[in-house]
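Let's take a walk through a protein structure together. Have a look at the picture below, and keep it at hand as you read.

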Amino acid sequence: MARKVTTQRKVIMTAIAWTLGILIFFPILWTFLTSFKSEADAIASPPQFLFFHWTTENYSEVQSRSNYLGHFMNSVIISFGSTLLGLIIAIPAAWAMAFSPTKRTKDVLMWMLSTKMMPPVGALIPIYLMFRNSGLLDSRFGLVIVLTLINLPIIVWMLYTYFKEIPGEILEAARMDGASLAKEIIYVLTPMAVPGIASTLLLNIILAWNEAFWTLNLSASKAAPLTAFIASYSSPEGLFYAKLSAASTMAIAPILILGWFSQKQLVRGLTFGAVK
Amino acid sequence: MGSITLQKVSKVFGEAKVIPSIDLDIKDGEFVVFVGPSGCGKSTLLRLIAGLEDVSGGKIVIDGKDATERAPSERGLAMVFQSYALYPHMSVRNNIAFPLKMAGMDKAEIDKKVADAARVLNLTDYLERKPRQLSGGQRQRVAIGRAIVRQPSAFLFDEPLSNLDAALRVNMRIEISELHQQLKTTMIYVTHDQVEAMTMADKIVVLNKGNIEQVGSPLELYKNPRNLFVAGFIGSPKMNFVKGQTAAQLGAHTIGIRPEHVMLSNESGEWKGRVTVAEHLGSDTFLHIDVDGIGPVTARGGGEFAAKAGDTVYLTPDKTRIHKFNEGGLAI
């Protein structure tokens, strides 16, 4: 018998859900509103919510002071590049773990995940030195490599859970039908795992897009993505809340739009394996 | 060509010896059925032949050549899986064409072969559909189609009918037998269903705990089971086993008598018993009888044999059809 849900209960739950939703959304909304204020209005006390002098001057100011499009392109190249490279490495890895597991497979998975438990700053100095010595500092290629590596455990884990759902007999059938390992992965496994691969792709693009620690530390100007573009407005020279907000809004807008259009895939990706 | 020879083939999973050591000869064109209870190693044996599992010891020879170390794709065998294992993202046409594409055949020839296979299997109207749009029987046919297009040296079937409903299973059984007569290709068929084994096989291999209990034609196994296991496994309903005095009188530790070799009567007979359950199938009547001094015995009567639970009936075993076994369970 289904549980009886009273109207009162529904009202309370709805109110809580909305409150939480607004609470989470509020910083983004506030950033968005602030980006249309003058610098004076931005720091006014008490803060003004909607009734201030709306202006777009921050956007034109930001546009003229820095090369948004350049940073945007860097972000696109770094996030898409690292995700695609990660997938190319992770698909065979996840295949091996899902369909040809050994006694140590679980340990390998755990070990991969454990690398995400260490604070990244712990590895900053060696990686920085390696980058400096090999001339990878402030290069898109270098950032693609480092973001691929830091997101690889998540990509492998996600793909592994998806692949586990694919019946092994289908891959065996491909083997019996004369498919080599590469053909089995390209023609049979990958097409069947498309929804899973798409979710993994989206989530990792978002993670790579938002990644700030490595991108800020390993880039200066040439390869600097949007995270560095935002950071450049929080300088000690003075308060630039409005401009900082405008820059932030411009930096998060593309990924928000991408996320909006792919909500369904993302939710499936994030909750995959949670309920069966 | 499609002869397969197993020489001292064994398989160990960790600590478990699934197949201790098996020797078996399968001749070209034979329909061989591996039958046995679940967990007897029959599917493992098939997968070893296919190359989907590596042997732990021994040799697998296909068409006179040692194939033990060869990859599944290089053994020239085709397999039909229990779950059909169709490629869900491909149309029926592409499913059937897949092995040909993998073999690098040119498109015109692939189209022709797919069309031929589809015609044989009545799939012509479904070529553009996806597997999920097909019924169980149609999916099974696609799986068979995918196996036959390549003209393999042998077909391997892994419990292919166990996901189908009873009526369809009988039809597919006949279709597979017809296919074998048409193609005359070696077929190895794994099942736990002794009816499938009896009806389809040229040669039955009865497996138990990874060992071959007996190899022979269906009627050989039915008439001369080598031991208690085969005697109990082949035949439906199961052979009755009687121990003790009754057996000792005939010079055996255990005697076996099939339900169809016990004559039933309402008036007189050698044994007297009380019906516990009566199953009226129309064509036959199966009576489960508690026989005085012997225990439960199943007997087959004609479809019209009138008896219900609680009735007293008389049984007379056909003396010429009694199987005798010694203490070790071997036939005497």
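Which residue in E17(B) is the bridge partner of Val262(B)? The partner is Pro317(B). Keep in mind, as you search for this pair, that you are looking at a predicted model.

That pair belongs to a wider pattern. Strand E13 of chain B, residues 262–265, runs antiparallel to E17(B), and 4 bridges join the two. E17(B) also pairs with strand E14 of chain B, residues 271–280, again in the antiparallel sense and over 4 bridges. Here you can find Arg274(B) standing opposite Thr312(B) of E17(B).

Now look at strand E17 itself, which covers residues 312–317 of chain B. In a regular strand, side chains alternate between the two faces of the sheet. In E17(B), Val313(B), Leu315(B) and Pro317(B) make up the covered face, while Thr312(B), Tyr314(B) and Thr316(B) make up the uncovered one.

Step back to see chain B as a whole. Its secondary structure comes to 9 helices and 18 strands, and its C-alpha trace spans about 75 × 45 × 35 Å along the principal axes. Of its 332 residues, 41% are buried.

Finally, turn to chain A and find helix H4 (residues 68–99) and helix H9 (residues 181–192), which pack with their axes 12 Å apart at an angle of about 80°. That angle makes H4(A) roughly perpendicular to H9(A). Ile91(A), Pro92(A) and Trp95(A) of H4(A) make the contact with Ile185(A), Leu189(A) and Thr190(A) of H9(A). Among these contact residues, 5 are nonpolar, 1 is polar and none is charged.

Notes:
Residues are numbered from 1 along each chain as its sequence is written. Chains are lettered from A and ligands numbered from 1 in the order in which they are written. This is a predicted model: local features need pLDDT of at least 70, side-chain atom pairs count only at pLDDT 80 or more; totals for chains, interfaces and linings use all residues. Axes are lines fitted to C-alpha atoms, for helices over the stretch in contact, and angles run from 0 to 180 degrees between N-to-C directions. Angles under 35 degrees count as roughly parallel, over 145 as roughly antiparallel, 65 to 115 as roughly perpendicular and the rest as oblique. Two residues are in contact if their C-beta atoms, placed from the backbone, lie within 7 Å. Ala, Val, Leu, Ile, Met, Phe, Trp, Tyr, Cys and Pro count as nonpolar, Asp, Glu, Lys and Arg as charged, and the others, Gly among them, as polar. A residue is buried if 20 or more other C-beta atoms lie within 10 Å of its own, exposed if 12 or fewer, and partly exposed in between; C-beta atoms are placed from the backbone. Two strands pair if DSSP finds at least two bridges between them.
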